[in-house]
Every structure is written in C-alpha cells, then in structure tokens.
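Colleague: Could you walk me through how to read a few features of a model like this one? I would like to begin with the backbone.

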Amino acid sequence: MTQDKGQNQVVIDWLINGHPERVFVTTPDSALTYQELSAALANRRGSDLAAVVPRRDIASVVEIFAGVASGPVRISSREGSLGDVVPQDVMTILSTSGTTGKSKLVPLTIANWRAAVVASAQHLGHDEDDTWLIAMPLHHVGGLSVLFRSAFVGGGVHLLPRFDALSFADALSGDVTMASVVPTMLRRILDQDTRRYAGLKAVLVGGGPIPAGLLEEAADRGLPVLPTYGMTETCAQVATLKPGSAVEYKADLLPGVEAMIDPTGRIALRGGQVFDGYLGSPSRSTDEWFVTGDFGAFEDGALRILGRADDVIVTGGENVDPSVIESAVEGHPDVDGVMVVGVASEEWGNEIVCIYQGTAERSELADWSSDRLESFEIPKRWVRVESIPRTALGKPDRNRGREIATNQSG
C-alpha cells in the first residue's frame, strides 16, 4: 500500500518550495510556516496514513501533507479505507461530488498533480508573493488544489473554517491576492457587503453555472472575476479565463490541456492532469479522451460551458437546460434561490418543477417566466421552500430537489 520512500521524498521536494521562514497557511487564530510543516513531516514520515478526514484548520493541513508523504492517501468527508489495490504512483484518492448519482473514487497520480500545479502557475501567474483565500472543504478538489498549487510556488493560503459572506469579504479586503469561490458564495458576498475591492489579482468562479449578470456586478465592485472549469478527475481547473481579460462567461484552456466537443455535445479532455480512470475500473490510455458530463462549445478558442448533460430535462420532446430557467427566475427581486428539476410525468415524460426560496408568489413567477423563457421551458409546478438543498460545496443537490418536488404538490 505504501509507496517507495525515495519516490515520496521526491513528491515532498517538488511540492514544498517555500522558504522556511515563510508562512504557508494562516487561519483566523493560527499560522503554519514552511519550516514547521517540514518538521512535522519529518516526525511523521513512514506512518501509513491511509485516510484523512480534514477540517479547515492547521492540523488537517499537516495531516494531508503527512498522508502524501506516506503514500497514497484518501482524503474524504467521512472515514473509509482505500478499498481496491492502489497503484504506487497514486498520490491522492478523492470522491466525486455525487450530486446526480453515486460518488466515485478518483485516484490522482503524482504526475497528474504536478502537471496541474505547473499549469496553474503558468496560466494565472501566481508565485511566492501571492496568498490565496479559500473557505472550501479540503476534501474537495477545489480546496485541496489551492493548498498544492500554493505550496508548489512557495506562496501562502488564508484558510477560513467556514464560509461566512462578511468574513470572506473582510479577508478579500486584506492582504490576500487570489481567491476561489463558487457562484453561490459570490452572490452572497455581493448581497451582504457593499464595499469596493482593490489589490486582488484574480477571483476564480467555478463549480456550477454562473448566473447571467453576476460577473459584471462583481467586476463593477472591483473583483477581477475569472470563470473557471474543472473537476475532481482533472485535479481541479483545466480552463480559466486569462487574468486581465474583459468579463466573459468562458474560459481559456490551461497549458498542456487538450479539449474537444464530442458528437453528443459533451466536453472531452486529455492531458497530463487528467486522471487515468476510476478506482477499480480499467485504466485509460494516455491518448484516450475523457468524456465529461458537461455540454460545451468553443468560442474564439475559449471554452463555454453549456450545462450538465445529466441535468438536461426531456419534456414534451424538448431538451431543456435547467440552468437557463434558474438564471431567469433568479432575476426576480423576491427570489433568493432557485433549483429546477424534472419529475416523471405520464403526459410530458418529465415535467419541469421549480423549487424556489423567497417571498414571490407562484403566479408572479409564472408571469415573470413567460416574458423570459420559451413556452416549453416554463415550469409546470412551483414549490416554495425555506432553503434550497445544497451539497457541502454549495452546489444544488438535485437528488434531494427531485425528492422534494415529487413529495410536494407545490
């Protein structure tokens, strides 16, 4: 189960490039220098730390790096074993988000992670003078990748124990230069804080559909927002709008990443940071395309994400992207959150159900939608809830949404 120790030392040597006295990670009440991290790893090297269930704190950061130093490590939101036999070159094992089905275990190799952190530094231009701000779970690739890419260049990470819009806004106004958020987080920051921002180099926005107008609103407040696209299977970002670009809802491919649109309209990827295959499944060859579950298109060489293939609702013979409806309904001033799902129907095949949070009346939303959507896109039912069900990362939990829509009449 454990990797060759010489190989592990190579991993740590390329991953931790900070000067000893530099601070690597800070939290609201603690800090960890590169020297302290190296000392902690020296004391723990050789232990087979098969699994880590991290919190967003200094101790968990040390555990993650100790796990990497010891061999393949599973980083998860819950206790669990590595399960199947793990190839020696695997560095981490993560779980997919499982928002539309059962999660899968994704082994990411040393070569995958090295390609990812090198590409990030080249594309975004971050270095040892930059500090990233994150409030994402460290068992998720979005949070973990920030740790690894910062360690690689010798930079810093400001880690918040949880997401709170005002605390995050305060940190954005501090000494951080880079940040990573999902659209829901950005929306809450703009709603709850009115200040303008300065001194930031990039704010990556990804992990879900970006509502129309959100990026422009953020840019008007001084946030250099960059749409980004990636997933667990690719060590996070494979495409991010280039820093300094005008506001666009598309993303440029990172160095070393190839992409195409397959005949079904799905995005297919290959390159050094793309995984070799799910744990327990046959490995992919290096020149084989990984077909994602996302629809996309190329515009002037950049990638535009058109929605999740798994989320498409087939109703009355029409293919409907729920994110289009969600963006339209979210524009209503009395709506605070939206999720659109399809529920089996004898008449329609699937009927469109809009689950929403807010004070708007159903009749208001039906009228609002009729002016902004095609007739076949207008929801057949409206269900008001106290809060939209979401995953730990803030993504819509569509499985739970379908349960709500099925069990409530609206």
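This is a predicted model: local features need pLDDT of at least 70, side-chain atom pairs count only at pLDDT 80 or more; totals for chains, interfaces and linings use all residues.

Modeller: Let us start with Asp300, which is exposed, at a relative accessible area of 79%. Asp300 sits in the loop between β16 (290–299) and β17 (302–308). Its phi is positive, about 55 degrees, although Asp300 is not a glycine.

Colleague: Where is Ala236 placed, and is Ala236 buried or exposed?

Modeller: Ala236 belongs to strand β12 (residues 236–240). It counts as buried because its relative accessibility is 8%, and the cut-off for buried is under 20%. Ala236 also has a positive phi, near 80 degrees, in a residue other than glycine.

Colleague: Now to strands. Why is strand β5 (residues 90–95) largely enclosed by the rest of the structure?

Modeller: The way to read this is to go through the strand residue by residue. In β5, five of the six residues are buried, so the rest of the structure largely encloses this strand.

Colleague: Which strands are joined to β5 by bridges?

Modeller: Strand β4 (residues 73–75) runs parallel to β5, and two bridges join them. Here Val73 stands opposite Thr92 of β5. Strand β6 (residues 105–109) runs antiparallel to β5, with five bridges between them. In that pairing, Leu94 has Val106 of β6 as its bridge partner.

Colleague: Let us turn to charges. How many salt bridges does the count come to?

Modeller: The general idea is that side chains of opposite charge can pair when their charged atoms come close. The cut-off used here is 4 Å from a side-chain nitrogen of Lys or Arg to a carboxyl oxygen of Asp or Glu. By this rule the count is 17 salt bridges.

Colleague: Which residue meets Glu128 in a salt bridge?

Modeller: Arg22 does, with an N to O distance of 3.5 Å. This pair links distant parts of the chain, 106 residues apart: Glu128 is in the loop between α4 (110–124) and β7 (131–134), and Arg22 is in the loop between α1 (5–15) and β1 (23–27). Glu128 is partly exposed at 31% relative accessible area, and Arg22 is partly exposed at 26%.

Colleague: What does Arg22 form with Asp129?

Modeller: A salt bridge, in which the closest N and O atoms of Arg22 and Asp129 are 3.8 Å apart. Here again distant parts of the chain are linked, with Arg22 and Asp129 107 residues apart. Asp129 is exposed, with a relative accessible area of 56%.

Colleague: And which residue forms a salt bridge with Glu326?

Modeller: That is Arg398, with the closest N and O atoms 3.0 Å apart. Glu326 lies in helix α9 and Arg398 in helix α11 (residues 398–407), 72 residues apart. Glu326 is buried, at 6% relative accessible area, and Arg398 is buried, at 6% as well.

Terms used:
Residues are numbered from 1 along each chain as its sequence is written. Side-chain values use heavy atoms; hydrogens and water are left out. Buried means under 20% relative accessible area, exposed over 50%, partly exposed in between (1.4 Å probe, protein chains only). Helices (H or I, at least four residues) and strands (E, at least two) are DSSP runs, numbered from the N terminus. Two strands pair if DSSP finds at least two bridges between them.
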